[in-house]
Amino acid sequence: MRFSVLDPVRALGHTVVTGVSAVGRMGYLAAGAVRALRQVDIWGGLLLGQMARIGVESVPIALFIATFTGIVLALQSSYTFTGAIPLYFVGTLVGKTMILELGPVLTGLALSGRVGANIAAELGTMRVTEQVDALETLAYDPVAYLVVPRILAGALMFPMVVILADAVGVLAGWGTSLYLLDMSSPEFLKGLRLFFRPYDVTFGAIKSLSFGLTVTGIGCFFGFSATGGAEGVGRATTRAVVVSSMILLVLDAFWAAVLL
Amino acid sequence: MRDVYKAFGTKEVLKGFTLEVYEGETLSIIGQSGAGKSVALKHIVGLLQPDRGEILVDGERVADLAREALYRLRRKAGYVFQFAALFDSMTIEENVAMGLRRMSEMTADEIHGRVEECLRLVELEGYGARYPAELSGGEKKRAGLARAIATKPKYLLYDEPTTGLDPVTTAVIDRLVIRMAEELGVTGVVITHDMDSAYRVSDRIAMLYDGRVRFLGTPDEVRASGDPVVKAFIEGRPELLEAVS
């Protein structure tokens with residue numbers, strides 16, 4: 001095979017065109033989803049089921065991550081502060097870090113694997129086995145039937161799961177401070193209250209709402225775009241997780257810049 | 001369908017495809033794998049849009065229909081998918097009831113009754129509570145047919161209804177296709193490359209070759225055709241195609 005000096009240019013052009021096309025198709029799907037909100041008769045009955053699948057079934061993994069994050073935060077902050085900063089600041093660091101950053105982001109990343117992959121694989125399989133076409137022939141708008149309930153469930157449930165994870169992470173940090181760091185409860189709570197603002201929880205909830213929209217929306221997009229059988233579904237699933245994780249981190253920085 | 005062109009990327013699939021289906025008839029479209037038979041069928045219900053040309057159903061241009069009008073058209077057409085396309089997460093009863101829930105004002109009891117009736121018609125009585133994964137290939141196709149006829153459509157589109165089935169099950173499906181036409185009076189379009197099946201169920205057969213209709217006639221006319229492309233296909237003799245190309 002001969003190498004041409006134009007090959008890198010062609011490859012770059014192809015990447016740009018593919019990327020722009022994907023963004024355009026995402027926008028088209030998003031517009032379709034907004035339009036499909038009117039079709040409550042189609043998605044209304046499916047919302048609760050999706051809330052259970054996306055939210056309730058994600059609680060165990062979210063709490064598992066939060067528990068160990070809380071423990072590690074307490075231990076590492078104590079290690080860092082000892083001899084330099086009063087130990088009650090362990091409560092401050094655990095609370096602030098869990099609520100503002102690690103609760104939403106680690107839960108979001110875990111759910112992009114669990115929820116995003118699940119949605120992309122399910123919708124991708126439906127696409128390549130013509131189940132999406134079957135919905136069309138039965139006069140169901142596939143966007144109203146498949147996309148809207150998942151995105152709404154993600155937007156509603158991610159903040160709830162994150163708030164629960166925040167609470168469990170703080171409790172785990174508190175327990176660690178009591179039993180492994182020789183701190184007392186009043187000390188930990190003093191630190192926790194010191195810089196706590198209710199707005200922190202609002203900030204985490206807004207962030208996790210945007211994560212919920214992203215993870216479910218990207219999962220739906222790549223699932224709907226799947227082609228070519230099992231391999232195509234696998235590719236769509238991987239892309240959904242990778243792209244939603246990357247967007248999630250960008251959003252994390254965006255919200256910090258805009259809201260803090 | 002009039003002078004329809006459709007390409008996917010650089011691959012031109014339909015190149016001036018023209019075909020008229022008469023009311024009440026069963027018309028089969030035959031042709032090699034990848035010839036564009038399923039692509040042509042999907043245009044009829046607007047699952048695909050033509051690059052050029054027009055598709056008219058009951059006088060309406062399918063490509064021009066707004067979403068609601070398109071759904072009204074789809075209510076008149078049942079579609080039987082090649083691999084049934086049953087919804088995995090639903091029972092057979094729920095699958096068959098899907099269209100009824102969307103397209104009719106029937107009560108739950110009426111829907112249940114209609115589902116039972118459709119399952120009886122396709123000889124799947126007592127299968128309502130099963131999931132698609134628990135059915136054989138032939139049973140899935142029959143369940144797909146039950147779903148397609150549940151709303152009493154005027155048209156039935158079959159995408160390779162007998163592909164991959166044993167001869168006995170193929171004969172059962174063929175009998176159902178004939179029954180749908182005779183008892184329910186539906187107009188049928190059948191995509192197939194199974195010639196025995198095409199001869200059995202069709203009033204007319206269209207041969208799709210190189211993106212357009214190469215031959216159109218009754219089963220007897222197809223059998224008697226001297227066209228090397230038709231003969232190559234129905235007799236399974238690829239060497240005849242070499243002379244054409």
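Me: In this predicted model, with axes taken as lines fitted to C-alpha atoms over the stretch in contact and angles run from 0 to 180 degrees between N-to-C directions, at what angle do helix H3 and helix H4 of chain B pack?
Reply: Helix H3 (residues 92-103) and helix H4 (residues 108-121), both of chain B, have axes 9 Å apart. The contact involves B:Glu93, B:Val96, B:Ala97, B:Leu100 and B:Arg101 on the H3(B) side, and B:Ile111, B:Arg114, B:Val115, B:Cys118 and B:Leu119 on the H4(B) side. The angle between the two helices is about 120°.

Me: Is H3(B) parallel or oblique to H4(B)?
Reply: The helices pack at an angle of about 120°, whereas roughly perpendicular covers 65 to 115 degrees and roughly antiparallel begins over 145. The crossing of the pair is right-handed. Because of that angle, H3(B) is to H4(B) oblique.

Me: How many residues of helix H1 of chain B are buried?
Reply: Helix H1(B) spans residues 37-44 and is mostly covered. Its buried residues include B:Lys37, B:Lys42 and B:His43, along with B:Val39 and B:Leu41. H1(B) is followed by B:Gly46, whose phi is positive, near 75°. The number of buried residues in H1(B) is 8 of 8.

Key
Residues numbered from 1 in each chain as written. Chains lettered and ligands numbered in written order. Predicted model: local features only at pLDDT ≥ 70, side-chain atom pairs only at ≥ 80, totals over all residues. Helix = DSSP H or I, 4+ residues; strand = E, 2+ residues; numbered from the N terminus. Parallel < 35°, antiparallel > 145°, perpendicular 65-115°, else oblique. Left-handed = near helix turned anticlockwise from the far one by under 90°. Contact = placed C-beta atoms within 7 Å. Buried ≥ 20, exposed ≤ 12 C-beta atoms within 10 Å, placed from the backbone.
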